[in-house]
Amino acid sequence: MSSQRGNSAKKGHQAYQNKEAFTAERNVKFSETEIAARKKLQKVLDRGCCERCCEKLQWKFQYGKYKPLKTAAKCRQCRRTCIQLAYRTLCDTCARGNKQCPGCCEFESEEARNANILKKLMAKAGVDEMDSNNGESQVDSNNTNSRLDQTSDIQKQVNAHTGDLSQLLDDLAAEDDDDDSVNE
């Protein structure tokens, strides 16, 4: 077989079969405290992550590719420096609050994704939080009457479209487009 370019097609099977599975750092001696720390880290490693991220992290740990963080990382959402585990982009509180995977930022379900979009739209409209007693929204005192009317309209739409969030999101987007064209 020549080593000429384009003439290097493989023929046959693998020449040497592996007799034993790969073990990362098999010639390295660890103390008892290091072993305990590695086992503890491996248990905490995939906490709160989706299945795909868990598989990635387990693979990295199994083949010696996992590199722990030396300093705390910054959360993409709350901008605090509070992430202690490697290969994460969201802190645990933000991930739990939005029902997202802290590794890949994917939502757990479609309902969680729609609820997050709705929360962002409500914040954009000026609604601070929902009062659980009577369903009214609390608004900053510096907003005008038109802002109050707009938030009450949104509140009515939320109450009317509780089952159909996609329709509500389309209605809100259409209203935003109408408001932008009026302002221009």
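Leucine 57 touches Leu45, Asp46, Cys49, Tyr66 and Tyr87, leaving aside residues up to four places away in sequence; contact here means heavy atoms within 4.5 Å. Before going further: this is a predicted model, where local features need pLDDT of at least 70, side-chain atom pairs count only at pLDDT 80 or more, and totals for chains, interfaces and linings use all residues. Numbering runs from 1 along each chain as its sequence is written, and side-chain values use heavy atoms, with hydrogens and water left out.

Leu57 also belongs to the largest nonpolar core, a set of nine residues: Leu45, Cys49, Cys53, Cys54, Leu57, Phe61, Tyr66, Ala86 and Cys101. A nonpolar core is a set of buried Ala, Val, Leu, Ile, Met, Phe, Trp, Tyr and Cys residues joined through side-chain atoms within 4.5 Å. Buried means under 20% relative accessible area, exposed over 50%, and partly exposed in between, with a 1.4 Å probe and protein chains only. There's a second, separate core of seven residues, including Cys75, Ile83, Cys91 and Cys94.

Now for the helix α2. Helices are DSSP runs (H or I, at least four residues), numbered from the N terminus. α2 has twelve residues and reaches 16 Å from its first C-alpha to its last, close to the 16 Å expected at 1.5 Å a residue; that expected span is 1.5 Å times one less than the number of residues. Its buried residues are Cys53, Cys54, Leu57 and Phe61. Looking down the axis of α2, these fall within an arc of 100 degrees, so they line one face of the helix; the arc is that of the directions from the helix axis to the C-beta atoms. What covers the buried residues of α2 includes α1 (32-44), while the face turned away from the buried side carries the exposed Glu51 and Arg52.

Gln58 counts as partly exposed because its relative accessibility is 43%. Gln58 and Asp46 are twelve residues apart in sequence and 8.0 Å apart in space, C-alpha to C-alpha. α2 is followed by Gly64, whose phi is positive, near 75 degrees.

Elsewhere, the second largest pocket has a volume of about 190 Å³. A pocket, on a 1 Å grid over the protein atoms alone, is an open set of points where a 1.4 Å probe fits, with protein on both sides within 12 Å along at least five of seven lines; lining residues have an atom within 4 Å of a point. Of its eleven lining residues, Gly97, Ala112, Ala115, Asn116 and Lys119 are the closest to the centre. The largest share of this lining, seven residues, comes from α4.

Methods. Helix = DSSP H or I, 4+ residues; strand = E, 2+ residues; numbered from the N terminus. Points joined across faces, edges and corners; volume = space filled by probe spheres on them.
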